[in-house]
Amino acid sequence: MDLKLTGQNFLVTGAGSGFGRAVAEALLAEGANVMAVARSAHVLEAFKKQSDSNRLEILPGDVTQHETLEKMLNWANCRPVHGVLVNAGGPPAGGALEVADEQWDQAYQLVLRWKIYLSREMAKLMMRRHYGRILFVESVSVKQPVDNLVLSNALRPAVVGYAKTLAQEIAAHGITVNVLAPGYHDTPAMQRLYQKKSDMLGISVQEARQQFEKQIPVGAMAGPASLASLAVWLLSPLAHYLTGQTISHDGGIVKGIFG
């Protein structure tokens, strides 16, 4: 299927590994131009070398910092940006009674605050051109709580509420806003959950991983490329009639009827 992405421009945050990296690679494979943003300069340099593509630009920086956000917006001001993947690592694991106040403040910045600023400003740019795709990568925790992830359980649903509101306000301008809610995937982000379960139960990290996999109805974890295949469609012109949605990608973990 031709996703009609050749020559289109995309901003991808959290592109150093996991979902962000997989989506950036999938977009490049479809002929798109990608600005990849991540904290680690050497990881991005390795990505650039590996891709061997003049359609990949890189920007090292922390997305929670205003300086990095302004660099992204300056890049977007210089060209038509057709889509943005709003994605970053999650907050640390922890239960409701053990997470300290300063961790809540840090999680607010990581999970919510910068995403509002970036997506709002990108939406304004897209409105000038009457086209755009904004896609958030959050977590299955927006559908049902995940054990020992109180920060994610509490703050990621706020992103969904914001995204739904934004989607309704700008749909008439040809801009879609959607959320992906991934369950357990074989990404580096899962390591903190394996370690937390390992510490709590006194089992090995490998045994902890096996316990997570037993919860997945399809029987095994998908890799990030599986989610990326859905993400690139949502970022494409073909997805013009789908907006304001939160879509699970979880192997069947969500129990709710509307999961």
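Helix α8 (residues 224-234) has P224, L227, A228, A231, V232 and L234 as its buried residues, where buried means under 20% relative accessible area with a 1.4 Å probe and protein chains only. They cover an arc of only 150° around the axis, and therefore lie on the same side of α8. This is a predicted model, in which local features need pLDDT of at least 70, side-chain atom pairs count only at pLDDT 80 or more, and totals for chains, interfaces and linings use all residues. Residues are numbered from 1 along each chain as its sequence is written, and side-chain values use heavy atoms, with hydrogens and water left out.

**Helix α8**
- The buried residues of α8 pack against α1 (18-29), β5 (132-137), β6 (175-182) and β7 (246-249), contact meaning heavy atoms within 4.5 Å.

**Helices α6 and α7**
- Helix α6 (residues 191-201) packs on helix α7 (residues 205-214) at an angle of about 110°, their axes being 8 Å apart.
- The two helices α6 and α7 are therefore roughly perpendicular to each other, a term that covers angles of 65 to 115 degrees.
- From α6, L193, Y194, Q195, K197, S198 and L201 meet V205, A208, R209, Q211 and F212 of α7.

**The aromatic pair**
- The structure holds one aromatic pair, which requires ring centres within 6.5 Å.
- The ring centres of Y184 and F212 are 4.9 Å apart and the planes stand at 80°, so the pair is edge-to-face, the class for planes over 60 degrees apart.
- Because Y184 lies in the loop between β6 and α6 and F212 in helix α7, the pair ties together parts that are 28 residues apart in sequence.
- Y184 is buried, with a relative accessible area of 11%, and F212 also counts as buried, at 6% relative accessibility.

How values were computed
Axes are lines fitted to C-alpha atoms, for helices over the stretch in contact, and angles run from 0 to 180 degrees between N-to-C directions. Helices (H or I, at least four residues) and strands (E, at least two) are DSSP runs, numbered from the N terminus. Angles under 35 degrees count as roughly parallel, over 145 as roughly antiparallel, 65 to 115 as roughly perpendicular and the rest as oblique. Buried means under 20% relative accessible area, exposed over 50%, partly exposed in between (1.4 Å probe, protein chains only). The arc is that of the directions from the helix axis to the C-beta atoms. Rings of Phe, Tyr and Trp (its six-membered ring) pair if their centres lie within 6.5 Å; planes under 30 degrees apart count as stacked, over 60 as edge-to-face and the rest as tilted.
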